[in-house]
Amino acid sequence: MSAEKRALDQEESILNVSSVIVDIEGTTTSISFVHDTLFPYVREHLNDYVKSNWADSEFQEDLKALKEQAQKDESDKVEGVVAIPEGEEDAVREATIKNVLWQMDNDRKTGALKQLQGHIWRKAYEKGEVVGPIYDDVHESLKSWVDLGKKIYVYSSGSVEAQKLLFGHTKEGDLLKLFSGHFDTAVGAKTEAGSYTKILEKIEKTGEEAKTVLFLTDVPKEATAAVESGMLAVLVSREGNAALTDDAKASFRVISSFADLAFEDSGKRKKKRKD
Ligand SMILES: CSCCC(=O)C(=O)COP(=O)(O)O
Ligand SMILES: [Mg+2]
């Protein structure tokens with residue numbers, strides 16, 4: 001098939017999607033917000049948070065997950081891993097903080113880290129210290145896609161709780177009603193096809209229907225994994241994102257705004273099929 005024909009087929013398929021899954025960092029929201037606001041907030045409040053919440057059952061769950069992750073990292077011989085050994089409370093606390101900072105230095109996407117980060121951000125959003133910034137085109141586009149009968153989902157390395165905090169506290173208000181569901185790394189890493197297969201199962205779009213699901217991301221490896229699962233994928237190129245290679249540009253459609261996407265009305269399409 002010629003590249004031109006493939007591009008036309010892809011356009012036709014995109015027009016008729018039933019569901020759109022959006023990534024956050026680099027897609028709906030700038031990388032700089034995550035790295036220059038959210039992550040520094042965690043670094044700044046980590047010590048106090050761990051001390052004041054040590055006895056809470058929520059923190060104890062987070063600690064359990066961090067310990068399990070540290071044990072796995074040790075057995076996988078991850079370079080530089082900071083262990084969290086059992087021992088006196090003060091020593092465990094210190095090791096936990098060091099482990100979290102080490103994970104953040106390496107921008108790790110482990111469920112344990114993301115869960116804790118989400119819990120630390122909760123107060124910041126609730127107090128209005130942090131507002132979830134989304135690109136100007138995002139809110140209007142999401143609304144118009146919902147009006148066209150599309151279901152919108154989020155798939156981010158950020159925990160489901162952190163996703164809900166962000167979209168529940170944007171400068172345009174609470175956008176959560178626009179979403180039909182949220183996925184995080186509980187379904188697997190974003191660079192693995194199996195994670196997208198799990199999402200397809202959960203949203204009941206298996207087999208041929210996978211082709212009616214579109215994933216929007218800034219990361220070519222994630223787009224490749226999504227396509228391997230049977231989904232469609234489009235790359236989002238925002239200011240401040242990593243530059244896309246020629247290969248990535250040749251393999252995927254690239255948009256710089258959600259407004260670049262045009263969809264057919266899903267209601268009309270169903271009616272057309274009946275006629
Ligand atoms: C839910 S906002 C926090 C985002 C985050 O922690 C992160 O690692 C971003 O990952 P993404 O998969 O959205 O690129
Ligand atoms: Mg991203």
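Domain bounds in these legends come from an automatic or database domain assignment. The structure is a predicted model, in which local features need pLDDT of at least 70 and side-chain atom pairs count only at pLDDT 80 or more, while totals for chains, interfaces and linings use all residues. Residues are numbered from 1 along each chain as its sequence is written, and chains are lettered from A and ligands numbered from 1 in the order in which they are written.

**View 1. Domain 1 and domain 2.** The protein is divided into domain 1 (3-29 + 133-273) and domain 2 (34-127), whose C-alpha centres lie 29 Å apart. Contact (C-beta atoms, placed from the backbone, within 7 Å) joins 13 residues of domain 1 to ten residues of domain 2.

**View 2. The crossing of α2 and α5.** The axes (lines fitted to C-alpha atoms over the stretch in contact, with angles running from 0 to 180 degrees between N-to-C directions) of helix α2 (residues 31-53) and helix α5 (residues 111-126) come within 9 Å and cross at roughly 95°. The helices, DSSP runs of H or I with at least four residues, numbered from the N terminus, are therefore roughly perpendicular to each other, a term for angles of 65 to 115 degrees. L38, Y41, V42, H45 and Y49 of α2 meet Q117, I120, W121 and A124 of α5.

**View 3. The shell around ligand 1.** Of the 16 residues around ligand 1 (C-beta atom, placed from the backbone, within 6 Å), I24, E25, S156, S157 and G158 come nearest. The largest share of this shell, three residues, comes from α7, and each of domain 1 and domain 2 gives at least three residues.

How values were computed:
Helices (H or I, at least four residues) and strands (E, at least two) are DSSP runs, numbered from the N terminus. Angles under 35 degrees count as roughly parallel, over 145 as roughly antiparallel, 65 to 115 as roughly perpendicular and the rest as oblique. Two residues are in contact if their C-beta atoms, placed from the backbone, lie within 7 Å.
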